[in-house]
Structures are given as C-alpha cells and as structure tokens.
Amino acid sequence: MAPSRNVDSAILRALNIQPDADSLVDATLTPHGGSGFGASSFKLTITTATDDDDDGKNSKTRTNCYFVKTGSGQSAETMFRGEHASLNAIYNAVPNFCPKAHAWGPLTSSPSKFFVLTDFLDLGGRSSASSSEKSSQSLAEKLAKLHTTPAPIPEGYDKPMFGFPVTTCCGATEQDNRFKESWAEFYAENRLRGVLRHGIKQNGQDAELTEAVEKVASKVVPRLLGEQTLGKITPVVIHGDLWSGNHGRGIFLTKSEDGKFASGKEEWARERGKVEEVVYDPSSVYGHSEYELGIMKMFGGFGSVFWKEYNAFVKKAEPVDEWEDRVALYELYHHLNHFALFGGGYRSGAMSIMRRLISKYGKT
C-alpha cells in the first residue's frame, strides 16, 4: 500500500521516519478538535510494517497516533516553540500529567508554516473507562507534585532563576521570560508591565490603567511578593494558563499491533490504558506556585473538593492571611491579558482588583 502524501516530510523525519521508506505503509492527517489563534489541529496516524521474526517472512503492522498543530508566520513559530518547551517541562516533572512533545519546526513544503508534534490524547475515551482503569492520581495530587518539584537550573546559570528558556504565549500574547533572580521583579516587569504594553498596543493609550498598573508593580508587588514578606521562593514549573478548558480526563494513545488503529478500532487502546487527569496548551514559567492559582480562580471550574485536596498537599504560604490578596494579584495579570486580547469588560475587572490592592498595600 502506498503511503498517503498529506503528511509533510518534516513531521515524518521528526519521528525518524523517511517519507520514502519501504516500511511506511500509511501516514494520514485528519482534522481533530478545535483551533484557535490561527492554529489548526490534526490527528496523525502512522502505520508501519514490522517483521515478526528474524527472516522477515511474517510481517505485521504497527500504528502510532500523534497530535499535530500547524500555523503560519512568526507568531506560530513562537507559539509552537513555547508550547513544545512548556509541555516537556511539565512532562519531565510529572510524566503522566500532559502529552509529551516530540518536535516542532518549519514544514518542508511551506517553510513559512510551522508545526508542533505531541503524543495523542484521547479525551473521548474518558467516559468508557471503569473505575479500575482510572488513574490513582487526582488532578490536585498531580498539580501539587508539579508545584512542589523544584524547576531545573537554567542552562548558563548556577542557581535557580525565575523565567523560562524560551518565549511563551498566553493566548496570542507573547511573554517575555528572560530570567531574573527576584520573583517580585519578574512578576512586576515581565508580566504586569509587559502585558500592559501589549494592551496599549492593541487598545491605545490609557492613562488611568497605566497609572494603576505602575502603582501595583512598584508598590503592591514588592509588598506582597517580595522576599521580605514571602521569604525565599523556590521556582517550580507553572502551567501558566490553567483554566478549566485546558484540563481534562483522557487516555494517551500510543501504538497498536496489526493495524487496529488503522481499522478504526481504538477500543483496544482504551481497554489497555488508564484515564488520566491531564493538562494541555501550557504557557509555562519557572515561578511561584501560587501564580498558577490566579487564572484558576478567575474562571472557576475547580470545585471545593479540588481546593481542599490541593491545599492539603501544598500549604498556603505565610502570611496566610494575605493568600487571597496574592491570588488576586496573580489573577490581575490574566484580566490585563484578556483586555489586551479581547478588550471590553476585562478592563473593569483589572481596575477593580488594582483599586482594592492599592488601597490596602499601595500607600507606603
């Protein structure tokens, strides 16, 4: 059977498959899931021939499934580079918490288009699994493990730093992740002032918003997040965009023998796999664990059972009576980012948070 030609050779080579290899039986991209911020998403199904014995007389096929996103231009290049690095940062800390990213780069057929290639996550298999097939680790437990595992020391440094090795995108907003020693400095400059610049670029000058952001960055952030208040913070890997839409339950599909995926019989994999609590579409940073909680509180979707279990694993940092204000300060970034991306009512949400925090912490 001649292999399908709708899969770019760069994607195949990223999997160490030569497009003209005799062992390649079929390679097919089919649209899968939604798309956003200019990206399209696909399920990649690859069937290869294998030898059952040493003389190669008895051949079998093996089918592997992957997930592929494609997009055009510099924005896609930046986004996919950041997503690739973010997924693998999470995967290295908690391997069953997200898909592993295998590769990213330009397409051979169209160098101005880019791709990112990851494990395939079957979110449709979650409802058919019995309780015995479900992972023993809850979302709270996995997230707590991520938030208590020290981030790696960046290349070129001899101590933990706040930031990330590459630019990441929260939505379409490119985030400056250049490393800093101080978390308060990083959050003030790389997040709040950075997203304000994006907002001004998209929506025009706004004196009131600019003044409020600067007061928060220069007064509130050092007061609430400075080392004199929180003590020494250990950087951990943060997902960075963990609203309920970027969390789910699913099964990682990898491979089958005798072409069972190729014939559409994916129940084989569901019977063998476990339903895992998983996250995806990250925008990671090495930062303060509580930073993650801002967007989780902003949009909700994580109930009281989750918060009780998570807080049992990850105790609220001292001073505990300022925890809600710190989470509100972290939520502020996402209001500002949504205002930069979508305009509208997100400005009023940002101003409400800032007025409250400035009145409480911004007078000194």
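In which helix does lysine 142 lie? The points below start from that residue; the model is a predicted one.

1. Lysine 142 belongs to helix 3, which spans residues 139-148. Its relative accessible area is 0%, so lysine 142 counts as buried, the cut-off being under 20%.

2. Leaving aside residues up to four places away in sequence, lysine 142 is in contact with Val94, Asn96, Phe97, Ser135, Gln137, Glu276 and Glu277.

3. Helix 3 as a whole is largely enclosed by the rest of the structure, because 7 of its 10 residues are buried. These are Leu139, Ala140, Lys142, Leu143, Ala144, Leu146 and His147. The elements they pack against are helix 2 (73-93), helix 8 (293-299) and helix 9 (304-313), together with strand 8 (236-238), strand 9 (247-253) and strand 11 (276-279).

4. Turning to helix pairs: two packed helices are described by the angle between their axes and the distance between the axes. For helix 4 (residues 183-203) and helix 10 (residues 323-342), the angle is about 20° and the axes are 8 Å apart. Angles under 35 degrees count as roughly parallel, and therefore helix 4 and helix 10 are roughly parallel to each other. Their crossing is left-handed.

5. On the helix 4 side, the contact is made by Trp183, Tyr187, Arg191, Leu192, Val195, His198, Gly199, Gln202 and Asn203; helix 10 supplies Leu329, Tyr330, Leu332, Tyr333, Leu336, Asn337, Phe339 and Ala340. By class, this contact of helix 4 with helix 10 has 11 nonpolar, 5 polar and 1 charged residues.

6. The second pair is helix 5 (residues 207-225) with helix 11 (residues 346-361), where the angle is about 45° and the axes are 9 Å apart. That angle makes helix 5 oblique to helix 11. The crossing of helix 5 and helix 11 is left-handed.

7. Helix 5 brings Glu208, Leu209, Ala212, Val213, Lys215, Val216, Lys219, Val220, Arg223 and Leu224 to the contact, and helix 11 brings Arg347, Met351, Met354, Arg355, Leu357, Ile358 and Tyr361. The residues of the contact of helix 5 with helix 11 comprise 11 nonpolar, no polar and 6 charged.

Note on methods:
Residues numbered from 1 in each chain as written. Predicted model: local features only at pLDDT ≥ 70, side-chain atom pairs only at ≥ 80, totals over all residues. Heavy atoms only, no water. Axes fitted to C-alpha atoms, helices over the stretch in contact; angles between N-to-C directions. Helix = DSSP H or I, 4+ residues; strand = E, 2+ residues; numbered from the N terminus. Parallel < 35°, antiparallel > 145°, perpendicular 65-115°, else oblique. Left-handed = near helix turned anticlockwise from the far one by under 90°. Contact = heavy atoms within 4.5 Å. Nonpolar A, V, L, I, M, F, W, Y, C, P; charged D, E, K, R; others polar. Buried < 20%, exposed > 50% of the residue type's maximum accessible area, 1.4 Å probe, protein only.
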